[in-house]
Amino acid sequence: MVRGRTTAWAAALCLVAGAPGAAYAEGAAPGPLPTYRAADGAKAAEGTSSTADAPKIEAGNAYQDTLGPGERVYRLVLGKDDSDVYVSAVVRPAAGAKVSGGDGIEVEIMTTAGSSCEDSAGRANFGYDAYPIGAAGVRWGREDANCAPAGVYYAKVTRTSAKGYDQSPWPLEITVQREPGRGAGAPTTAPSAWPSGAPALPGTEAVSRSGGTGFNDARALGAGVWRDEMRPGQTRFYRVPVDWGQQLGLGAELAAARMTKTYGSASGGLTVSLYNPYRSLISDKDTSYDGKQAGITLEKTPPVAYENRFARDRDVRPVSLAGWYYVAVTMGAKVADFTEDATPVPLTLRLDVAGTPAKGPAYKESPAPGGFGVGDEDRAAAREGLTAPEAAEAAGRHSAMRVVAGAGFGTGTVLLLVLGCWTLLGRRRGRGPTAV
């Protein structure tokens, strides 16, 4: 009887640990591409076309809405402190949506008088394809005298869409993050110089890591070489912890595809975008892909430094916070015109995180609740290749184990079985999914 109860407990705990389900049959036709995973607990917020009756949004929350061409306005009520507040917006076009290079989104923070906060606007444009893009607006609490006082502000999200291109509403995700004020002695001027240029990317053997569908389930990676697979029209997301004083360098390569025609080429067949911890675009680059080898290398970022926010260079200013930096890789949908969609194309990511972590600015309170900084848990997630939901699940399992241990299962049988489940899961995660 004891053995039966132990087996039942072990089975239940394996379910809690997320034992793998049935895989797709090998050679099966590919299904639809995975859809963007929305933020857990996101609240509905229907933005208005003017400031009148604009819904309130608050730091620490995520919101969902839809956005057609034009404007959506949201209300912020900010306290009397010198904290900085970041409002990001991510749009998710429908698969195959037709966009032009001038189409995109912009986020701007305004006062009740209708004036824009200084250097508040952030923008992102599409390339040749429609894929998830993000932009962020900022209220600089210490540096902008007009927007420092406590009170009501507005975040305006604008989508531009050229005539003849997709005009339908798209899902919109908004996040609000707060960076606490700094103590005395915080820098107030931009750095004069920093190491720049092409990164020295690693050439070690690649390790399998399957990217996520968006910012909320991006796969954690550290320095090294990582292998994934892509299909036409797909975007994979990854996240890299970059601490104060460190620089991120990255390259992405598409290997040869299985061709269905003797020749084909897609402009923007490979696109790489880099975002900072508050989802502001740092840089992006694309190249054509003809079914043969193609690659992109981004210049390494400046060292993460608080004072970068004072720089005039828009590639430098966003690199002013330690935390998760996001890499989005897109394979153009037109690649399907001359390749086999049933055979995913190998993707190789090469990442270099250079520099020794440095001491950050003296904040008045921890920046971690706002989603900033790099801690031991973040480094562990990068080593293990965890998405944010998986990291939360792992924390839950550890709590469950403490409860089980406290319940007095002294034989250790249950613990061994659960550890076996976790080992199996770790192997499965390392291999990546068997089908996409």
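In which strand is A220 found? A220 lies in β11, a strand made of residues 219-220, where strands (E, at least two residues) and helices (H or I, at least four) are DSSP runs numbered from the N terminus. The model is a predicted one, in which local features need pLDDT of at least 70 and side-chain atom pairs count only at pLDDT 80 or more, while totals for chains, interfaces and linings use all residues. Residues are numbered from 1 along each chain as its sequence is written, and side-chain values use heavy atoms, with hydrogens and water left out.

A220 counts as buried because its relative accessibility is 0%; buried means under 20% relative accessible area, exposed over 50%, and partly exposed in between, with a 1.4 Å probe and protein chains only. If its neighbours within four places in sequence are set aside, A220 is in contact (heavy atoms within 4.5 Å) with R239, W324, A381, A382, G385 and L386. A220 and T387 are 167 residues apart in sequence, yet their C-alpha atoms are 5.8 Å apart in space.

Elsewhere, S88 is found in strand β4 (residues 84-91), and it counts as buried because its relative accessibility is 1%. The side chains of S88 and T175 are joined by a polar contact of 2.3 Å, a term for a pair of N or O atoms within 3.5 Å of which, within protein, one must be able to donate a hydrogen and the other to accept it, residues adjacent in sequence counting only if both atoms are side-chain atoms.

A further feature is an open sheet of four strands in the order β3-β8-β5-β6, with antiparallel pairing. At its edges stand β3 (70-78) and β6 (122-125), each with a single partner strand, so one side of each is left without a neighbour in the sheet. Two strands pair if DSSP finds at least two bridges between them, and β5 (residues 104-111) pairs with β8 (residues 151-160) in the antiparallel sense over eight bridges. Within this pair, I105 stands opposite R159 in β8.
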